[in-house]
Amino acid sequence: MILKSLFDRIMSFIGLILLSPIFIFVSLLLKRKMPDGPVIFKQERVGQYGKLFTVYKFRTMTASQNGSSVSVAGESRITPLGAKLRKYKIDELPELWNVLKGDMSFVGPRPDVPGYADRLEGDDREILRLKPGITGPASLKYRNEEELLARVENPQEYNDRVIYPDKVRINRYYLHNYSFLKDVQMIVCTVLGRKMMYGGELI
């Protein structure tokens, strides 16, 4: 995946430069609307080969947020501004720095908090060979995950029993059927909010 690595480093560098005005605007907006905490949210995530790294995102929750690692649309810890940033995936723009550093890729499994990816067993652990991604096939399929979880009685249980195993299945397929052209298509679909056929299903 040499082409993938080169693409990640070059495009993340270009992206950080071109999107710098947006970074500045969002940062100023967060300081004004959410002055109770930092602009950038940092959290330890599980990366390639199970190695831990720090992910960077624009903060979307109250500074005193705590509780489940599963986020549900409309919950009180997500601020009104944060909800908008999450809806349009703007909160994930700082992850371009993670891509430039080599911790992440543009396309791959979403980086999980400790307790998920690092506890995979058997053949499922093979997805740890992949770098976490800003987007990916599982991210596209579950782009409205927070809204979906808001409709079930027990979001944490539904995530653990239904959504997460399905994400692992999709990411294993991605590992064994890697295509640079599909990566590009997934990036385009993420930016434009469109669906695509992948592995015989619409994501």
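Guide: Let us begin with a definition: a residue is buried under 20% relative accessible area, exposed over 50%, and partly exposed in between. The model discussed here is predicted.

Visitor: Is I17 buried, partly exposed or exposed?
Guide: I17 belongs to helix α1, which covers residues 2-18. Its relative accessibility is 49%. Since exposed requires over 50% and buried under 20%, I17 is partly exposed.

Visitor: How are the axes of α1 and α2 oriented to each other?
Guide: Helix α2 spans residues 20-33, and its axis comes within 4 Å of that of α1. L16, I17 and L18 of α1 make the contact with S20, P21 and F23 of α2. The axes cross at roughly 55°. Because this angle falls between the roughly parallel range, under 35 degrees, and the roughly perpendicular range, 65 to 115, α1 is oblique to α2.

Visitor: How many residues apart are D124 and R172, which form a salt bridge?
Guide: This is one of 15 salt bridges in the structure, with the closest N and O atoms 3.3 Å apart. D124 sits in the loop between β3 (105-107) and β4 (133-135), while R172 lies in helix α7 (residues 155-176). The pair thus links distant parts of the chain, and the two residues are separated by 48 residues.

Visitor: Which accessibility class applies to D124, and which to R172?
Guide: D124 has a relative accessibility of 29%, and R172 has a relative accessible area of 26%. The limits are 20% for buried and 50% for exposed. D124 therefore counts as partly exposed, and R172 is likewise partly exposed.

Visitor: In the salt bridge between E157 and R161, which residue counts as exposed?
Guide: The closest N and O atoms of this pair are 3.0 Å apart. Both residues lie in helix α7, 4 residues apart, about one turn of the helix. E157, with a relative accessible area of 32%, is partly exposed. At 64% relative accessibility, the exposed residue is R161.

Visitor: Which residues are joined in one network with D166 and R169?
Guide: D166 and R169 form a salt bridge with an N to O distance of 2.7 Å. The two are separated by about one helical turn because they are 3 residues apart in helix α7. D166 counts as buried at 14% relative accessibility, whereas R169 is partly exposed at 42%. Salt bridges that share partners connect D166 and R169 into one network with K141 and E201.

Visitor: Which residues does E92 contact, leaving aside neighbours within four places in sequence?
Guide: E92 is located in the loop between α3 (80-87) and α4 (95-101). Its relative accessibility is 13%, so E92 counts as buried. Its contacts beyond those neighbours are K57, R110 and I134.

Visitor: Which residues does D91 touch, not counting residues up to four places away in sequence?
Guide: D91 also lies in the loop between α3 and α4. With a relative accessible area of 3%, D91 is buried. The residues touched by D91 are K57, F58, T60, L85 and R86.

Notes: Residues numbered from 1 in each chain as written. Predicted model: local features only at pLDDT ≥ 70, side-chain atom pairs only at ≥ 80, totals over all residues. Heavy atoms only, no water. Buried < 20%, exposed > 50% of the residue type's maximum accessible area, 1.4 Å probe, protein only. Salt bridge = Lys/Arg side-chain N within 4 Å of Asp/Glu carboxyl O. Contact = heavy atoms within 4.5 Å. Axes fitted to C-alpha atoms, helices over the stretch in contact; angles between N-to-C directions. Parallel < 35°, antiparallel > 145°, perpendicular 65-115°, else oblique.
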